[in-house]
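Hi,

Here is the structure I promised to pass on. Have a look first, and my notes follow below.

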Amino acid sequence: MHALLPTLIKNLKDTLDLAICHTPDHRALVVYDRQSPLAALITEGYKAVLPKATFLDFEEAGADEIRALMNTLAPRDLVVLIQSTSFRLNDFRFRLELFNRSLAVIEHPHLGRMPEGEHQTYVDSLAYDINYYRTVGPKLKAMIDIAKRVVVSCEGTELVYDGPLESGKLNTGDYTGMKNIGGQFPIGEVFTELVDLSQVNGQVKIFAFANREFRVIVPEIPVLATIEKGIITKTENATEEFISILDQIRTDELLTIRELGFGMNRAMTRRRTLADIGSYERMCGIHLSLGAKHTIYAKPGFSKRQSRYHVDVFVDVTTVTIDGITVFKDGAYTV
């Protein structure tokens, strides 16, 4: 038995029982591949917690067999996608097609990006602490939804958000009243952005960022970024790779600061990282997005079709205050 399997089984069972609320009267289909050790481990975990599920190897089954099985599923049945890269049946994302059929979805994409040394972190990140997520998450959202000022502090710097924020969005495993059940895992995040994107000013230290291959890069020295009226105007200590990303964004659009993400997943920290940006985005701390693209919040002058970039960067944060109340300090939430 793999040493991580007992922890994985517990975490998956908690997710199925407490977040997805999957019950034996609903069917389950697990589509997996064999292209990475982590995908093999996650598949083994689901075989233990979903013994009656149908399991299909994506490469062996092919699109026709997968579609035929999907067509037999009823609303609220479960589909689990275990992917070393990312499955596609057509030009659209597999998960979106499943949601359109009112199916519950658990997606584990890009598992091939995580080397063996990160497998423990990934397995730990799948833990579902229902009391933590469903207490801290709604408290943060309630404060965000009426906030007039947010201050994100690093050692020696402050980034100040003035004015109202967009309604906070929860990714905390509570799908009550939502159209879609499930999504990409690991989870744990509350995110927002300013209503007026020009009202963020100051400096921030960036300790990690996503490169062009959607992998997390941690430079030796954090990048110091200066933001004026919502735009990055200057950087210090930036690596050539980070500068090239900024230059690429600049060729097509402004270096806009959009998403303000409050990551909640305590398995991932400043020092305990995952290589896949989509997984590490939920790390316990603050992340921002660079570029004009954000599919959730519509903004005048920002075309959802023409905006191209949404690059996640991670803040070397010490404290965060919302309207003068400290909500994050020393690597943990205080609400």
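Why does Thr-226 count as buried? Because its relative accessibility is 12%, and buried means under 20% relative accessible area, exposed over 50% and partly exposed in between (1.4 Å probe, protein chains only).

Some ground rules: this is a predicted model, where local features need pLDDT of at least 70 and side-chain atom pairs pLDDT 80 or more, while totals for chains, interfaces and linings use all residues. Residues are numbered from 1 along each chain as its sequence is written, and side-chain values use heavy atoms, leaving out hydrogens and water.

Back to Thr-226, which sits in strand β12 (residues 223–228); helices (H or I, at least four residues) and strands (E, at least two) are DSSP runs, numbered from the N terminus. Its side chain makes a polar contact with the side chain of Gln-203 at 3.0 Å (a pair of N or O atoms within 3.5 Å; within protein, one must be able to donate a hydrogen and the other to accept it, and residues adjacent in sequence count only if both atoms are side-chain atoms).

Then there's an open sheet of five strands, in the order β2-β1-β3-β4-β8, with parallel pairing (strands pair if DSSP finds at least two bridges between them). β2 (54–57) and β8 are the edge strands, each pairing on one side only. Three bridges join β4 to β8, and Ile-106 stands opposite Gly-183 in β8.

Finally, helix α1 (residues 5–20) has buried residues including Leu-5, Leu-8 and Asn-11. After α1 comes Cys-21, with a positive phi near 60°.

Cheers
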